[in-house]
Amino acid sequence: MANFRTHLTAGTITGIIGGGVCWQYGFFLKASHLIIAIGLFIIGSILPDIDAESSIPTKIVVSLSSFLAVGLVLVSIANINGSIEIVVQTVLCIVTYILIKYLLPKILSSITYHRGLIHSVPMGILISLVLMVYFLSIDYEIFMAGLLGSFLGGGFFLHLMLDELYSVNIFGARIKSSFGTALQIFSFTQPIRYILLYLVIGYVYFNFIPHG
Ligand SMILES: [Zn+2]
């Protein structure tokens, strides 16, 4: 599997190139959206390893996620009509930060194992959809919401592809035992979890994404 630095470097470069191309084609109307998109791509590119036992990457991912969550809370507050008192805002931010920073790793390690359900293709699809629904809920247009969701998903899939590539050595002469575990679409060792995950994807897609 590719190491953390490889993922971060590849994610940053690909995110900037992808963002630049979309900017050139006029997909982003605001520079802030471009920056958010690149940031999401980078986060996506290190997110799948969040299921690894308390390693340094996991700690960094958790820290980034807690800051991102606080950012999302602030964006949500800014988009809600009617002001919320500054004290309440501060408390909301602190509670969000603590919840993600301290509870997320515990929850993750109790329900997952490395290269399990979180490190899979359907999980990438689900997080993209959930993020898209989030942006729709704060009144982003469907195109922009989908684009930003795709950037997170794009980073996520880049990570899975890199892990898969690294499981075959450069000349393809030797295939490591981890081959095939990175770009996982379904696992017969945990079928119920995967079926549930696909059901959740279907539920989110048909109930929260506007059609037609
Ligand atoms: Zn990985």
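**Entry 1: H2 against H6**

I began with a helix pair and found that H2 and H6 are roughly parallel to each other. The angle behind this is roughly 30° between the axes of H2 and H6, and angles under 35 degrees count as roughly parallel. I noted that this is a predicted model. The two axes come within 6 Å. H6 covers residues 142-166. I also looked up the handedness: H2 passes H6 in a right-handed crossing.

Which residues of H2 and H6 make the contact? On the H2 side I listed His-33, Ile-36, Ala-37, Leu-40, Phe-41, Ile-42, Ile-43, Gly-44, Ser-45 and Ile-46. From H6 come Met-144, Leu-147, Leu-148, Phe-151, Leu-152, Gly-153, Gly-154, Gly-155, Phe-156, Leu-158 and His-159. I sorted the contact by class and got 14 nonpolar and seven polar residues. No charged residues take part in the contact of H2 with H6.

**Entry 2: H2 by itself**

I checked the length of H2 next. Its 16 residues should span 22 Å at 1.5 Å a residue. The end C-alpha atoms are 24 Å apart, which agrees.

Then I asked how many residues of H2 are buried. The count is 12 of the 16, so H2 is largely enclosed by the rest of the structure. I wrote down the buried ones: His-33, Ile-36, Ala-37, Ile-38, Gly-39, Leu-40, Phe-41, Ile-42, Ile-43, Gly-44, Ser-45 and Ile-46.

**Entry 3: Phe-41**

Is Phe-41 buried or exposed? I counted 26 other C-beta atoms within 10 Å of Phe-41. The cut-off for buried is 20 or more, so Phe-41 is buried.

I then looked up the contacts of Phe-41, leaving aside neighbours within four places in sequence. Gly-11, Thr-14, Gly-15 and Gly-18 are among them. Phe-151, Leu-152, Gly-154 and Gly-155 are also in contact with Phe-41.

Phe-41 and Gly-149 are 108 residues apart along the chain, yet their C-alpha atoms are separated by 9.2 Å.

**Entry 4: the whole chain**

The protein chain has seven helices and zero strands. Its pattern along the sequence reads α-α-α-α-α-α-α. Of its 212 residues, 25% are buried. I also took contacts between residues at least 6 apart in sequence, and 70% of these join residues at least 24 apart.

Notes:
Residues are numbered from 1 along each chain as its sequence is written. This is a predicted model: local features need pLDDT of at least 70, side-chain atom pairs count only at pLDDT 80 or more; totals for chains, interfaces and linings use all residues. Helices (H or I, at least four residues) and strands (E, at least two) are DSSP runs, numbered from the N terminus. Two residues are in contact if their C-beta atoms, placed from the backbone, lie within 7 Å. The expected span of a helix is 1.5 Å times one less than its number of residues. Axes are lines fitted to C-alpha atoms, for helices over the stretch in contact, and angles run from 0 to 180 degrees between N-to-C directions. Angles under 35 degrees count as roughly parallel, over 145 as roughly antiparallel, 65 to 115 as roughly perpendicular and the rest as oblique. A crossing is left-handed if the near helix is turned anticlockwise from the far one by less than a right angle, and right-handed if clockwise. Ala, Val, Leu, Ile, Met, Phe, Trp, Tyr, Cys and Pro count as nonpolar, Asp, Glu, Lys and Arg as charged, and the others, Gly among them, as polar.
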